[in-house]
Amino acid sequence: MGKGANKTTPEDQQEVLIDGRLYDVSNFKHPGGSVIKFLTSGGDATEAFMEFHDRSKKAHLVLKGLSSRPAPIEVMKKRGYNGKEALTKDFLKFRKELEAEGMFKPSPGHIAYRVIELLVIHYMGVMLFFQPSYALKALGLLTLGIGSGRCGWLMHEGGHYSLTGNITTDRFLQIIIFGVGCGMSGAWWRNQHNKHHATPQKLKHDVDLDTLPLVAFNERIAEKARSPFLKLW
């Protein structure tokens, strides 16, 4: 979450609907970027806020600090449950069943096992690569490639703060695993990937749709291509 600023006039006011209340985010700088603009243009942000910030005490405190008001009936009819009340309630019911079964409870033992697994895979890969045989070197590179892929899966859970249940610990693990195992930035990944999950398949908001120059999954994305070669492609 980010910080608020000066008050705005009703004409300039932008509000996000969360759990039946409209929160004024007109001067709110959201760390997640443009997703906040998408959610002010209509729809219900309740599920998005819950999934991304449920474990964050800071996010809940910031939300309480924002100016808010109960959503009028006409707003709830138009924006509530994103127009799919039955589906949303059915999903929430399913989520509560999973919570009751302990599906969201962290497993420290399993996490430790996966981290040790990564260390062993990388150790084996390095040892094989420094053998005199080219065949063993190739096997070492293959092993390191598998290890890098495994790092990608484990850091994914860390980036979603779903490893230990502690945001600070999960962020640290994600940064180390992604940085060392894949050679990439954990902060960059969180910024990009969380935008994707908040607004999947929404143009100008889901960054995973900006896939040029290799491929375009939407005609409007393809229109952005400037190179004659890309247009032909």
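V120 is partly exposed, because its relative accessible area is 42% (buried means under 20%, exposed over 50%, partly exposed in between; 1.4 Å probe, protein chains only). The residue is found in helix α6, residues 108–129. Helices here are DSSP runs of H or I with at least four residues, strands are E runs of at least two, and both are numbered from the N terminus.

V120 belongs to a nonpolar surface patch of about 500 Å². Patch residues have over 30% relative accessible area and no salt bridge; like charges are joined within 9 Å, nonpolar side chains (Val, Leu, Ile, Met, Phe, Trp, Tyr) within 5 Å. A salt bridge puts a side-chain nitrogen of Lys or Arg within 4 Å of a carboxyl oxygen of Asp or Glu. Accessible areas come from the Shrake-Rupley method with a 1.4 Å probe, and for residues only the protein chains shown count as cover.

## Basis of the model

This is a predicted model: local features need pLDDT of at least 70, side-chain atom pairs count only at pLDDT 80 or more, and totals for chains, interfaces and linings use all residues. Residues are numbered from 1 along each chain as its sequence is written, and side-chain values use heavy atoms, with hydrogens and water left out.

## The sheet

Three strands form an open, antiparallel sheet in the order β1-β2-β3. β1 and β3 are the edge strands, each pairing on one side only. Neighbouring strands are turned by 25° against each other on average, direction ignored (axes are lines fitted to C-alpha atoms; angles run from 0 to 180 degrees between N-to-C directions).

β1 (residues 15–18) pairs with β2 (residues 21–24) over 4 bridges; pairing needs at least two DSSP bridges. The two strands form a hairpin with 2 residues between them. D19, in the turn, has a positive phi of about 50°. L17 has L22 as its bridge partner in β2. L22 also stands opposite R69 in β3. β2 and β3 (residues 68–70) share 3 bridges.

## R95 in helix α5

R95 lies in helix α5, residues 85–100. R95 counts as buried because its relative accessibility is 11%. Its side chain makes a polar contact of 2.7 Å with that of E51. Such a contact is a pair of N or O atoms within 3.5 Å; within protein, one must be able to donate a hydrogen and the other to accept it, and residues adjacent in sequence count only if both atoms are side-chain atoms.
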